[in-house]
Amino acid sequence: MTTAEPIAPHEIRTLLSTIGARLHELADTGFRSDRDNTDPLDNLALLSETGASRIVVPAAYGGLWDGTPLGGIGAFIRAITEISTGDGPTGQNWATTGLVAREVFDENSGLPEETRRELADRLLNEGLRLVASNAETGVNGKVTARPVDGGVILSGTKSFNTNSGGHGIANVGCLLQGEQPARHHVLVELTHPDVELHGDWDNMGQRGTRSQTITYHDVFVPNGWHYAANTPSPAFLGAVMLLHSALMQGIGDGALTALIQYVRTMKRGTLPQFATAAEDPLILRRIGSLSSRLAASRALLFTAADQIEAAHDGAIEAAAVDCFRAKAACVEASLEAAGSMHEVAGARSTSNAYRLDRFWRNARTFASHDPIDAKNVYVGMFEVSGELPPLSTIVRI
């Protein structure tokens with residue numbers, strides 16, 4: 001890849017402001033997507049229209065990211081938070097595209113320049129969506145790639161494929177067969193006739209992520225569209241924790257925004273002596289408490305993102321621990337905000353006309369992805385010993 005170029009901070013700020021100005025549209029589409037259990041296609045199109053994909057494309061190809069592994073993490077995390085404030089599933093879908101982009105544009109991936117340029121062009125100009133196709137929980141056997149003349153044959157089933165509701169390209173983690181089988185990645189067009197989309201995502205929350213099962217029925221993928229997998233660094237793992245944190249932070253911020261909007265329509269307080277919700281100290285105290293806690297987790301999140309982006313080799317572990325702290329803080333603040341809505345707003349707010357429960361369903365669904373207790377164990381271990389455990393004990397590689 002060509003030499004990295006500096007990021008233009010003013011362009012990033014302008015782009016984030018542009019996204020922020022469209023949050024009400026993201027929320028409206030998210031409402032309908034949750035109600036109808038559909039892909040939030042309009043939201044992804046809206047983000048493409050704003051130029052949000054420039055945040056996940058290297059500057060060498062027309063984007064705003066300098067192309068280095070940790071470059072632009074601060075902007076990426078802020079964008080995920082903003083988008084998720086409008087709609088959690090949309091935020092997770094867009095973040096998945098960004099995460100996969102950081103894998104395929106990594107100089108160590110070995111993908112040819114022609115492939116990189118095509119991916120960048122489609123991301124910038126066609127709204128290409130990327131899928132991290134890795135999970136094999138609940139399916140039988142490993143997904144494998146078998147070398148053949150001119151490429152590989154991909155076979156097997158993946159059980160969790162966020163962002164696949166709009167097709168796009170899946171970055172499939174697999175085992176490359178041979179004398180010494182090795183971890184590998186294969187880029188697959190989801191419109192390929194030998195790709196089966198099961199359409200079985202029917203969870204209580206994050207419904208618009210369309211995280212369905214996908215089976216690859218002996219899919220031929222040509223050379224130039226597959227590459228050897230690399231072992232992630234602690235810094236990259238920390239950045240992934242920030243991605244999770246940003247999604248949860250956004251859902252919590254969106255819940256608080258929706259709660260405030262609803263409270264402003266209430267005709268009375270919680271007790272007869274309060275004529276309006278605006279006069280009710282019980283309501284005001286709860287909203288103030290939620291606002292303060294979300295502000296604190298947001299500050300930690302953005303600080304951790306900026307720190308890991310700037311961290312040098314000797315400070316990577318400490319920066320990664322702050323990412324774990326941010327994950328715990330954002331999850332807990334988001335769950336409290338989303339879980340408190342009906343208690344603050346009252347029984348009328350439980351009507352499906354408002355679907356305010358979607359914030360808790362979204363937050364609770366994604367928060368179950370991996371346990372916060374484990375993150376606090378790693379933080380505690382670092383506090384006591386000054387070290388993190390081996391990477392293999394933190395994440396399945």
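## Report on a predicted protein model

The structure holds zero disulfides, a disulfide being a pair of cysteine sulfur atoms within 2.5 Å. Cysteine 323 is in no disulfide, and the nearest cysteine sulfur, that of cysteine 330, lies 11 Å away. This is a predicted model, in which local features need pLDDT of at least 70 and side-chain atom pairs count only at pLDDT 80 or more, while totals for chains, interfaces and linings use all residues. Residues are numbered from 1 along each chain as its sequence is written, and side-chain values use heavy atoms, with hydrogens and water left out.

| Residue | Relative accessible area |
|---|---|
| Cysteine 174 | 8%, buried |
| Cysteine 323 | 0%, buried |

Buried residues make up 54% of the 397 residues in the protein. In soluble globular proteins, nonpolar side chains tend to be buried together. Here the largest nonpolar core has 115 residues; such a core is a set of buried Ala, Val, Leu, Ile, Met, Phe, Trp, Tyr and Cys residues joined through side-chain atoms within 4.5 Å. Trp94, Leu154, Tyr216 and Leu242 have the most contacts inside this core. Not counting residues up to four places away in sequence, tyrosine 216 touches several residues (heavy atoms within 4.5 Å), among them Leu154, Val172, Val188 and Leu190.

Among contacts in the protein between residues at least 6 apart in sequence, 73% join residues at least 24 apart. Along the principal axes, the C-alpha atoms fill a box of roughly 80 × 50 × 40 Å.

Technical notes:
Buried < 20%, exposed > 50% of the residue type's maximum accessible area, 1.4 Å probe, protein only.
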